[in-house]
Amino acid sequence: MQGMTLEQVAAVCGGTLAGVPGNAAGVVTGVEIDSRNVKSGDLFVAIPGERVDGHTFIPEVLKRGAYALSEQEIADAQGAYIRVENTVAAMKKLAKYYRSHLDIKVVGITGSVGKTSTKEMMASVLGVKYRVHKTAGNLNNGIGLPLTIFQIEPEHEIAVLEMGISEFGEMHELADMAQPDYMVITNIGLCHLENLITRDGILKAKTESFAHLNQGGRVVLNGDDDKLSTIEAVSGEVPLFYGVEGQTLVSPTVYADCVEDCGLEGMKARIHLSGGAIDARIPIPGEHNVYNALAAACVAEQMGLSREEIRQGIGRASTISGRTNLIRVGNVTVIDDCYNANPVSMCAAIDVLCKAKGRKIAVLGDMGELGAEERQLHREVGVYVGEQSVDVLYCAGELSTELAEGAAERNPSLIIHHYTKREAMTEALLADIYPEDTVLIKASHFMEFPQVVSAVTNHLEC
């Protein structure tokens with residue numbers, strides 16, 4: 001983080017300097033919400049929580065030479081802090097101010113499915129030419145995005161910021177902080193239906209970001225998506241569309257043809273740019289990764305990368321833990337895709353599993369935030385599993401009862417094991433993995449399926 005004085009921070013946040021007056025001229029060099037990570041010069045944002053109140057740790061961080069953003073008066077403070085009405089709101093104000101003073105291009109990425117994998121692909125491609133800062137892991141919400149912005153350093157030339165929402169109005173807040181120069185929307189799918197209700201509601205919420213584009217900013221959209229393809233202009237500019245030949249619903253700026261599935265080794269495609277075509281090797285399995293590459297190629301060409309630079313960036317892309325992450329232990333392949341799930345991403349993960357050559361085991365759990373149709377949506381995913389070449393289905397969770405029943409109805413010969421608890425399912429699964437198996441593990445994050453991944457990999461390594 002580029003340093004800011006405490007006085008600057010207090011003024012931006014609308015807060016009042018308090019504590020030891022002699023430290024008022026101090027310089028803030030970082031922002032943290034976890035007291036364990038705070039070091040001298042950091043601004044610790046004390047966030048009240050249901051189980052832990054960050055204010056408890058303020059005296060400790062002040063003794064370490066850090067500063068604090070607090071909603072409470074700190075008795076006998078051993079350092080300087082800033083008193084504000086709401087620490088999270090103050091942090092967002094500070095992030096917006098910090099971003100506005102950075103000489104950097106920002107690529108914002110949102111969508112129902114594929115935000116993180118598109119972010120990773122985008123950073124890989126742009127990183128061939130520029131010094132890129134990207135969202136770490138999944139810090140994409142109202143707390144994670146400000147922290148990501150504060151991590152932008154003077155040497156960075158581009159920031160690739162993932163932006164995730166679940167309610168109306170949230171995208172206004174995120175995009176107001178990010179102030180994107182390019183806004184990428186991957187698709188409009190079935191997620192966060194509890195609050196957004198329908199796909200039209202999701203479209204409305206995602207496109208709130210358009211109001212906060214920097215002057216001259218461009219929108220980059222998946223032209224194969226039936227909702228996104230209806231957007232004709234944003235601030236008088238036609239969107240930059242991308243898609244796959246034969247599937248796109250609009251005239252695309254960038255498109256792919258000659259798509260070849262290489263199984264778990266990835267995909268190949270010819271990508272057509274305004275300056276000519278490239279033959280790209282995408283080292284991550286699944287057709288959806290062709291779309292990730294197209295989005296990255298579209299932005300990269302606008303930012304001046306050559307076709308060869310774009311080809312190189314696509315070819316060296318990788319994924320992260322929990323996102324189509326292939327783990328090979330001996331002669332067993334584990335597909336770790338368990339960070340989160342919705343019906344679209346669940347079916348896409350099943351498609352990846354079915355590229356495997358040996359026995360295919362799907363280990364699935366409940367999907368959250370699907371609203372009133374949650375049971376029917378789980379059943380539909382089960383039907384999809386039953387239609388594919390899955391050999392064994394393990395699932396856990398109350399809603400996954402519907403998934404198991406849907407799979408059984410569509411494919412009575414499919415071997416299905418359903419458990420109420422994740423732990424019982426995991427114990428049974430470990431006894432049923434054999435050489436040459438491929439195991440897909442996927443569920444919404446509240447199901448804590450990373451523990452299943454750990455149990456399986458540890459078992460195989462023993």
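By class, how many nonpolar, polar and charged residues does the lining of the largest cavity have? It has five nonpolar, one polar and two charged ones. Before the close-ups, note that this is a predicted model, where local features need pLDDT of at least 70, side-chain atom pairs count only at pLDDT 80 or more, and totals for chains, interfaces and linings use all residues. Residues are numbered from 1 along each chain as its sequence is written, and side-chain values use heavy atoms, with hydrogens and water left out.

**View 1. The largest cavity and its lining.** The structure holds one cavity of 30 Å³ or more, and the volume of the largest cavity is about 30 Å³. Around it sit Leu213, Gly217, Arg218, Val219, Val234, Glu237, Val238 and Pro239. On a 1 Å grid over the protein atoms alone, a cavity is a set of points where a 1.4 Å probe fits but cannot get out, while a pocket is an open set with protein on both sides within 12 Å along at least five of seven lines; lining residues have an atom within 4 Å of a point. Grid points are joined across faces, edges and corners, and a volume is the space filled by probe spheres set on the points. As for the classes, Ala, Val, Leu, Ile, Met, Phe, Trp, Tyr, Cys and Pro count as nonpolar, Asp, Glu, Lys and Arg as charged, and the others, Gly among them, as polar.

**View 2. The second largest pocket.** Here we have about 220 Å³ of space. The pocket is lined by 14 residues, and Leu264, Thr333, Ala356, Lys357 and Thr438 lie nearest its centre. Sorted by class, the lining has three nonpolar, five polar and six charged residues.

**View 3. Helix H4 meets helix H9.** The axes of H4 (residues 115-126) and H9 (residues 288-302) come within 9 Å and cross at roughly 45°. That makes H4 oblique to H9: angles under 35 degrees count as roughly parallel, over 145 as roughly antiparallel, 65 to 115 as roughly perpendicular and the rest as oblique. Axes are lines fitted to C-alpha atoms, for helices over the stretch in contact, with angles running from 0 to 180 degrees between N-to-C directions. Helices are DSSP runs (H or I, at least four residues), numbered from the N terminus. From H4, Ser117, Thr118, Met121, Met122, Val125 and Leu126 touch Asn289, Asn292, Ala293, Ala295, Ala296, Val299 and Ala300 of H9 (contact means heavy atoms within 4.5 Å). This contact has nine nonpolar, four polar and no charged residues.

**View 4. Helix H11 beside helix H12.** The axes of H11 (residues 343-353) and H12 (residues 374-387) come within 10 Å and cross at roughly 15°, so the two helices are roughly parallel to each other. Pro343, Met346, Cys347, Ile350 and Asp351 in H11 meet Leu377, Val381, Tyr384 and Val385 in H12. Those contact residues split into eight nonpolar, no polar and one charged.

**View 5. Helix H14 beside helix H15.** The axes of H14 (residues 422-430) and H15 (residues 450-461) cross at roughly 25° and come within 10 Å. H14 and H15 are therefore roughly parallel to each other. Arg422, Met425, Thr426, Leu429 and Leu430 in H14 meet Gln451, Val452, Ala455, Val456 and His459 in H15. By class, that gives six nonpolar, three polar and one charged residues.
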